[in-house]
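I opened my notebook to keep a record of what I looked up here.

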Amino acid sequence: MSAPRKAVISAGLGTLLLTGVSTATAQAAPAQYSITVAPAVKTVYAATDAAASCRLNTITITRTSMCMDVGARVDLRKNGKPVGSASFDIKHSMTLKTNKLKWSESFTVGKARLVNAGGIHVAVSVGGGKGVKTAVKFPQGSTLGPAHKGTVGYAASVGKKKQLSSPASYRFTFTKAGYTAGGFTYKSAKYRCDDTFWGPKKRTKNPGCVFPSASPIFTLSRSDAKVRQSANHILDAQRKIAGHPGASTPLHRITSEKTINAHRKAMCARVHNPDPKKYDCDEYPFAASKEGGNPARGSTRIISAGDNRSAGARLGGFYKAQRVLDGDGYYVHIK
């Protein structure tokens, strides 16, 4: 399968210029200091462990993990002239749970490189967005210099068959005697929590959370006797159809039964099935995908009913395990 292409999104953090009055020189021009962070944080969708590939000024996410490393700098200015600076990294690691609405994050304000900038204190607050409560543990007011570690606990509240989506918002505030306090903010990757997997009377999966922008991978093996025919058909179809849907480009789930049935009919209505009790018409892209239902860009094959239904059951299980909702993208890998 062609490796999923990485998508990059820029989210500018910006620069804040703050002014204040030095207590020692009240009659002089106001002392100023600016707080400058990296000009942009990029979001990289990775199919590997996020922590293993974390890079400076980059957010790396998988379906359930995020690693973010932000370069930060505090500049002290007096009467418009620089008098000192502190440079440091802020590293975050967040892990979501696909079957729980509570999760945690750890972060570190790294060892600062100080140039005539002693006595700068830092405090941290974190917002989780509507429907998400946060609890921050950090040595508030600690002095920049040595590294300081903190944690954030998150607890989401989502209604039956509902979902919520939000990034975490971080605010760092810096203070120093004689200077006006200042700070900067930035955001995490957007997470989504839902309670949408329900049968007629009860849940089929507990509510949980994912990073929806990271597309998960559904895998079948040609060496697995239970789904071998489905796997072979999918691989052949991916190679044959321009754009290699599911391999080079993602499929997107749909949940409308009306549309799914229409897709299936469009693909299989005229396909001869010698024995419907033993065989099924298998279509790719899947009927339950936005890309399905187009004979000009699809493939059909008569395969064992048991094989087809085993593969379908696994796809349904994959949707639950990865919390793939209506409109979510995902890849299909055949090994």
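These are my notes on a predicted model, taken in the order in which I looked things up.

Entry one, the helix. I checked the length of helix α1, residues 228-240: at 1.5 Å a residue its 13 residues should span 18 Å, and I found its end C-alpha atoms 18 Å apart, which agrees. I then looked up burial along α1 and noted Ser-230, Ala-231, His-233, Ile-234, Leu-235, Ala-237 and Gln-238 as buried. Among the elements that cover these buried residues I listed the strands β17 (217-220), β19 (279-284), β20 (299-304) and β21 (329-334), together with helix α3 (305-321).

Entry two, the rings. I asked how many aromatic pairs the structure holds, and the count came to 16. One of them joins Tyr-170 and Tyr-186, a tilted pair with 5.3 Å from centre to centre and 40° between the planes. Because Tyr-170 lies in strand β14 (residues 163-176) and Tyr-186 in strand β15 (residues 179-194), this pair ties together parts that are 16 residues apart in sequence. With buried meaning under 20% relative accessible area, Tyr-170 counts as buried at 1%, and Tyr-186 counts as buried at 3%. I also noted that ring pairs link Tyr-170 and Tyr-186 into a cluster with Phe-88, Phe-172, Phe-174 and Phe-184.

The rings of Phe-318 and Tyr-319 have centres 6.1 Å apart and planes at 50°, so I recorded the pair as tilted. Phe-318 counts as buried at 9% relative accessibility, and Tyr-319 counts as buried at 6%. Last, I found the charged end of Lys-160 over the ring of Trp-198, 4.3 Å from the ring's centre.

Technical notes. Residues numbered from 1 in each chain as written. Predicted model: local features only at pLDDT ≥ 70, side-chain atom pairs only at ≥ 80, totals over all residues. Heavy atoms only, no water. Helix = DSSP H or I, 4+ residues; strand = E, 2+ residues; numbered from the N terminus. Expected span 1.5 Å × (residues − 1). Buried < 20%, exposed > 50% of the residue type's maximum accessible area, 1.4 Å probe, protein only. Contact = heavy atoms within 4.5 Å. Phe/Tyr/Trp six-rings, centres within 6.5 Å; stacked < 30°, edge-to-face > 60°. Lys NZ or Arg CZ within 6 Å of the ring centre and 35° of its normal.
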